[in-house]
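This briefing is meant for a reader who is new to the structure shown below. It begins with how the terms are used and then goes through the chain topic by topic.

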Amino acid sequence: MAEPGLSAAEVAERVARGQVNDVPSAPTRTIGQIVRANLLTRFNLLLGSLLAVILVVGPLQDALFGLVIVANTAVGILQEVRAKRTLDRLEVINAPRARVVRDGQVVLDDVLEAAAGDQVVVDGEVLEAAGLEVDESLLTGESETVPRRPGDRLLSGSFVAAGSGRYRATRVGREAYAVQLTEEARRFTLARSELRAGVDQILKYVTWALVPTAALLFISQLRLEHGIRAGLRGAVAGTVAMVPEGLVLLTSVAFAVGVVRLGRRQVLVRELPAVETLARVDVICFDKTGTITAGDLAVQELEAQDGAVGEEAAAALGALAAADPNPNATLRAIGRAFPAPDGWRPEAAVPFSSARKWSGASFAGHGAFLLGAPEVLLAADGAGRRQGHGTLLRRAEQIAVEGRRVLLLAASSRPLDGDAPPAALEPRAMVVIGDQVRDDAADTVAWFAAEGVQVKVVSGDHPRTVGAIAGQVGIAGADQPVDARSLPEDEAELAGLLEARSVFGRVVPRQKQAMVKALGARGHVTAMTGDGVNDVLALKDADLGIAMGGGSAASRAVAELVLMDGRFATLPAVMAEGRRVIANIERVAKVFVTKTVYATVLALAVGLAGLAFPFLPRHLTLISSLTIGIPGFFLALEPCTQRSRPGFVRRTLTFAVPAGLTAALGTLVAYQVADVANVPQDQARTTATLALAGLGLVVLALAARPLNRPRGLLLAAMAGAFGVVLVVPFLRVFFALDLPPLPVAGTALALDVALGGLLTLVILRLRA
């Protein structure tokens with residue numbers, strides 16, 4: 001008798017008590033949180049304050065730097081919102097559906113139906129089962145299906161692989177197993193970013209220096225210009241250049257361009273800094289199923305036995321697959337390989353059972369055929385003692401060690417009778433079934449090895465099976481798989497084992513998390529790929545979590561990257577993109593921080609000496625655009641495959657400090673030359689602009705080395721653009737440039753050549 005469902009009154013009572021399947025939403029940021037996080041930054045606070053001042057006291061041309069605030073904020077907000085909406089659409093598409101024995105929402109004690117392909121939406125107890133087998137790989141990592149009989153427990157997040165049944169809801173909502181496992185990963189955290197931390201550190205230094213420098217400049221300019229408005233303009237002009245606004249904007253733009261490129265490869269980037277983390281990864285952990293293998297069983301070999309005809313064996317296999325109304329994954333694979341033959345009408349059938357380990361059917365005019373584990377069928381009625389059967393068993397064991405599954409097809413002249421196979425079985429064929437290794441898996445693994453990225457296979461399957469599959473794609477150490485049940489609890493010991501071994505089987509979710517932490521303690525930057533609920537803890541703690549688009553909603557919600565097409569072979573291109581972005585940003589960061597150094601030195605020197613500030617804000621905007629911002633954008637898009645190294649701030653300052661000091665010195669000397677020549681203030685400022693622009697181009701050339709043809713053309717184009725500004729009257733007036741006499745301009749140019757040559761020698765010496 002079928003189990004009755006709940007009545008309407010019983011449902012209402014449970015809804016009133018809150019015993020409904022109210023699953024918490026994925027841990028993504030809301031639109032408001034995204035806007036606030038991108039708007040309320042140290043960078044925006046610094047530039048926003050200066051922009052407010054200049055909008056009050058200066059002309060609109062001097063406020064051009066404010067566009068950087070808008071652009072930088074917009075890039076970050078638009079990218080995160082785009083990623084959020086994509087994930088939200090995936091949630092709707094992949095949301096599980098439940099069939100209850102009534103109409104309405106799932107509540108505690110509901111009776112639910114489950115058929116092949118259905119997802120188990122709540123924890124429950126099996127009430128009825130007809131060949132019911134469940135795939136719990138998203139929860140446990142084990143790819144083998146498990147049988148479920150009345151009284152057994154079902155876990156939310158698993159799938160029905162074969163058969164059908166009914167189960168009663170015993171734990172719903174936040175009490176369900178899958179939800180409890182993901183609750184630890186619910187808090188949203190940003191991807192760790194050394195570049196972002198380095199920029200924040202530089203901005204912190206700038207913040208400390210900006211306020212006293214601005215006060216010093218304001219007082220000195222107020223005394224010289226005899227006016228508050230002029231004093232404020234000078235103070236803003238001196239301090240706004242101290243903020244590396246172009247670096248922050250270019251970083252966001254370069255990340256966004258990387259995101260677009262990755263999007264074309266079906267990779268969703270949830271956070272811009274995740275692109276940077278890609279460049280730093282030196283260890284990647286992944287499961288074999290869905291990465292090395294395609295996750296679909298397929299018939300790999302059919303070995304006919306004892307003179308059996310292969311055509312007859314193929315026909316019998318096709319007939320057996322067609323005779324089962326609820327085939328499991330193995331029978332479905334056989335059905336795909338061997339179509340059902342004509343004229344094979346089943347008279348009786350015994351469905352597959354994990355307890356029996358075989359299935360069978362008898363066909364009119366063809367006899368009975370059984371398919372199952374060789375050791376079970378050959379042992380029936382003493383058949384295992386027959387001559388030659390020992391050879392079959394040894395062959396079956398050999399295939400199993402290779403990580404493949406082997407089934408025996410046997411024929412019998414006797415009818416099927418209950419759970420015991422008939423006696424006098426005659427072996428007809430060995431059917432070898434395995435998970436298909438992806439065609440591109442070996443090339444992907446080889447790429448990681450060539451690029452110095454360690455590969456760790458972390459699976460819930462048997463270690464020998466995992467090792468056999470890993471060996472097929474060339475993973476080093478695959479012949480020494482580790483059974484995770486013997487893993488040490490001590491983090492240091494675990495880290496040592498992870499350094500020495502590459503393949504791990506029987507791994508449970510907590511151990512994946514412990515592995516990630518142990519690798520991090522050794523200084524590794526670890527990427528973890530996953531698609532199941534069992535992976536969320538490790539995905540959350542890894543430096544970079546990579547989820548498969550077809551996996552669980554929980555894994556996609558906590559990962560920084562989502563491979564929408566689920567292709568493992570995409571990862572080399574993904575990492576190469578990250579390396580390109582971060583290496584190029586680090587290159588151009590040197591010229592941005594150089595500007596911060598020379599702007600700080602100029603501001604302090606001018607303030608202490610009581611000189612008029614040598615620039616208007618628009619002058620510095622022009623110089624920054626042509627020597628840093630525009631060329632930096634193009635340099636940031638160049639190809640580069642070198643893995644990023646720690647020490648971003650140190651390397652940047654090693655270049656920027658001598659370059660900035662040299663640029664500041666050349667500017668001050670040129671400004672004093674103009675003052676000695678007694679030229680008007682506008683011409684003196686233009687002289688300083690010429691000197692700083694020239695030295696800025698020298699710094700750009702040093703940062704862009706080696707100067708190949710594209711970079712050389714870029715450098716020439718920036719110099720030409722500055723020349724156009726000088727010769728076009730409208731542009732000259734817009735940027736308030738008044739050319740000095742030729743001797744003064746010539747002196748500034750000669751100074752650029754001399755100091756530029758000296759700086760080149762210093763930089764080359766530091767890099768040696």
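A residue is called buried when its relative accessible area is under 20%, exposed when that area is over 50%, and partly exposed in between, using a 1.4 Å probe and protein chains only. This is a predicted model, in which local features need pLDDT of at least 70 and side-chain atom pairs count only at pLDDT 80 or more, while totals for chains, interfaces and linings use all residues. Residues are numbered from 1 along each chain as its sequence is written, and side-chain values use heavy atoms, with hydrogens and water left out.

**The chain as a whole**

- The protein chain comes to 27 helices and 20 strands, where helices (H or I, at least four residues) and strands (E, at least two) are DSSP runs numbered from the N terminus.
- Of the 768 residues of the protein chain, 53% count as buried.
- Among the contacts (heavy atoms within 4.5 Å) that have a separation of 6 or more, 74% are between residues 24 or more positions apart.
- The protein chain exposes about 32,000 Å², and carbon and sulfur atoms supply 58% of this area, as computed by the Shrake-Rupley method with a 1.4 Å probe.

**Nonpolar cores**

- A nonpolar core is a set of buried Ala, Val, Leu, Ile, Met, Phe, Trp, Tyr and Cys residues joined through side-chain atoms within 4.5 Å.
- In the largest nonpolar core, which has 65 residues, Tyr598, Phe615, Leu622, Phe655, Leu692 and Phe722 touch the most other members.
- At least two residues of this core come from each of several helices, among them helix 7 (194-225), helix 22 (617-635) and helix 23 (648-676), and helix 24 gives the most, with 13 residues.
- A second, separate core of 37 residues includes Val267, Val473, Leu561 and Met575.

- In helix 15, which spans residues 441-450, Ala441, Thr444, Val445 and Phe448 are buried. These residues cover an arc of only 95° around the axis, which puts them on the same side of helix 15; the arc is that of the directions from the helix axis to the C-beta atoms.
- Asp443 and Ala450 are exposed on the other side of helix 15.
- The buried residues of helix 15 pack against strand 8 (283-286), strand 14 (426-437), strand 15 (454-458) and helix 21 (571-609).
- Just after helix 15, Gly452 takes a positive phi of about 75°.

**Two residues with positive phi**

- Most residues other than glycine have a negative phi.
- Gln266, although it is not a glycine, has a positive phi of about 65°; Gln266 is found in the loop between helix 9 (245-264) and strand 7 (267-269), and is partly exposed because its relative accessible area is 42%.
- Arg506, which is not a glycine either, has a positive phi of about 60°; Arg506 is found in the loop between strand 17 (503-505) and helix 18 (509-521), and is partly exposed, with a relative accessible area of 26%.

**Ala329**

- Ala329 has its place in helix 12 (residues 329-337), and because its relative accessibility is 25%, Ala329 counts as partly exposed.
- Ala329 and Asp135 are 194 residues apart along the chain, and their C-alpha atoms are separated by 9.9 Å.
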